[in-house]
Each structure stands twice: as structure tokens, then as C-alpha cells.
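Visitor: I have not looked at this one before. Can you walk me through it?
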Amino acid sequence: QRHNFYVDWKSLHRTAKSPSIEKEFQFTDKNNNTYNVEAGISLKTTLDVDILRLGYGYDFLQGSNYALGFSVGLHTMLIETAFEGTIGLCVPDTELAQYCDTLIETPRVVDSSITAPLPDFGLYGSYTFFPDWVFKAHAQYFAVKIDNIKGSLIDIRAVVEAKLNDNWSLTAGFNFYE
């Protein structure tokens, strides 16, 4: 009754695309020749973070309508970043004018990494304040610093859950993950 095991998966996937940025400027070479230059760029970035957590919890306080416990666990992060885009350059009235209608597409550059399983520690609790109405909360934390690299994990969640019947429940809450 006091022992809990958990498996948790969080998927945070983000993609952003910058609008095409264009800039016109003048360039003067060492022979005092002045050129009008038109340049443009468009960039798409992707950041995908998946976090797998495994853990154990122990209720150190229990009552008929409440429980309070601590947890220890491991989390592993799978991280993928990607960059891709297009670049254009035009210098009218020169031999480079042939490239004015050409866009150079940069290849998709992808970097994938995975962290070793790292520990996290936390507190959790639940309180039944009406029949079939429960307030649940948990907070987990981990921080590490090795040489010039540092990182931390903060996970805070508070929810109210109402059991509508044997098959349905309704949950509203707040979740902060950093």
C-alpha cells in the first residue's frame, strides 16, 4: 500500500521557421568600384526533446483521505536538433548576376544525443476532499554540474481530479516542466 512505481514519458517537440529575411546594401572594393548587393535567407529549426522517467515512491504518511511520500527515479533525455534553410545572393550588373534567380538550399543538419540515466528526487501527495474528488501534487528536482556543463530538471504538477463514473474522470491542473 505504501510502495509506488512510475513510468513517465514527456515529449516536447518544437519547430520554428523564420520568414525570409532580405537585405540590400552597397559594397565598395579596393578599386573604388561600388556594387549593389541583395541577400536573403530563410531558416527552419527543430528541437525535439523526449524525456523518459522511471521511479519509485514511498508513502511515509498515510491517512483515510491523504497520502504524502517521497520519490527517487532516473530520467533519460533524447535530444534532436535540426537546421535547414535557403540562401540567396544577387549582385546585379556583374558576372554574379547569373545567380540572382538561384537559391542555395542548405542540407538538413541533424544532431542527436542522449543523456545517461540521471537521478531525480521528489515529493508527492494526494488529498481526497469530497467523495470522488482528489487533489494531487508532485514536485521533482535534479541538478548537476560537471566542469563547465550544468543542467537541472524541475517538474511541478498540481491537479484536481473528479471521478464522474467508473469509466470517466475529469482532470484540471497546472504542470511546470523545465
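Guide: Note at the start that this is a predicted model. A place to begin is the hairpin formed by E2 and E3, with five residues between these strands.

Visitor: Which residue in the turn has a positive phi?
Guide: Asparagine 32, with a phi of about 65°.

Visitor: And how do E2 and E3 pair?
Guide: In the antiparallel sense, over eight bridges; E2 covers residues 21-28 and E3 covers residues 34-62. Within that pairing, glutamate 24 has glutamate 38 of E3 as its bridge partner.

Visitor: How many of the residues of E2 are buried?
Guide: Zero of the eight, so strand E2 lies largely in the open.

Visitor: What about E5?
Guide: E5 is hardly covered: among its twelve residues the count of buried ones is zero. E5 pairs with E4 in the antiparallel sense, over ten bridges. In that stretch isoleucine 79 stands opposite serine 113 of E5.

Visitor: Changing topic. How many salt bridges are there?
Guide: The count comes to six. One of them joins glutamate 84 and arginine 108, with the closest N and O atoms 2.9 Å apart. Glutamate 84 lies in strand E4 (residues 66-90) and arginine 108 in strand E5 (residues 103-114), so this pair ties together parts that are 24 residues apart in sequence.

Visitor: Why does aspartate 8 count as buried?
Guide: Because its relative accessibility is 19%, and buried means under 20%. Lysine 10 is buried too, at 15%, and arginine 53 is buried at 4%.

Visitor: Which buried residue has no salt bridge?
Guide: Aspartate 48 is one of that kind. This residue lies in strand E3. The nearest side chain of opposite charge is arginine 108, 6.1 Å away.

Visitor: What does aspartate 48 touch, then?
Guide: Leaving out residues up to four places away in sequence, aspartate 48 touches Leu12, His13, Arg14, Leu78, Ile79 and Glu80.

Visitor: Now the rings. How many aromatic pairs are there?
Guide: A search of the whole structure finds five. One is tyrosine 58 with phenylalanine 70, a tilted pair at 6.1 Å centre to centre and 55° between the planes. Tyrosine 58 is in strand E3 and phenylalanine 70 in strand E4, and the pair links distant parts of the chain, twelve residues apart. Tyrosine 58 is partly exposed at 28% relative accessibility, and phenylalanine 70 is partly exposed at 36%.

Visitor: What about phenylalanine 129 and tryptophan 133?
Guide: Their ring centres are 6.3 Å apart with the planes at 55°, so that pair is tilted. Phenylalanine 129 is partly exposed at 32%, and tryptophan 133 is partly exposed at 39%.

Visitor: Which residues form one aromatic cluster?
Guide: Tyr58, Phe60 and Phe70.

How values were computed: Residues numbered from 1 in each chain as written. Predicted model: local features only at pLDDT ≥ 70, side-chain atom pairs only at ≥ 80, totals over all residues. Heavy atoms only, no water. Buried < 20%, exposed > 50% of the residue type's maximum accessible area, 1.4 Å probe, protein only. Helix = DSSP H or I, 4+ residues; strand = E, 2+ residues; numbered from the N terminus. Pairing = 2+ DSSP bridges. Salt bridge = Lys/Arg side-chain N within 4 Å of Asp/Glu carboxyl O. Lys, Arg positive; Asp, Glu negative; His and termini not counted. Contact = heavy atoms within 4.5 Å. Phe/Tyr/Trp six-rings, centres within 6.5 Å; stacked < 30°, edge-to-face > 60°.
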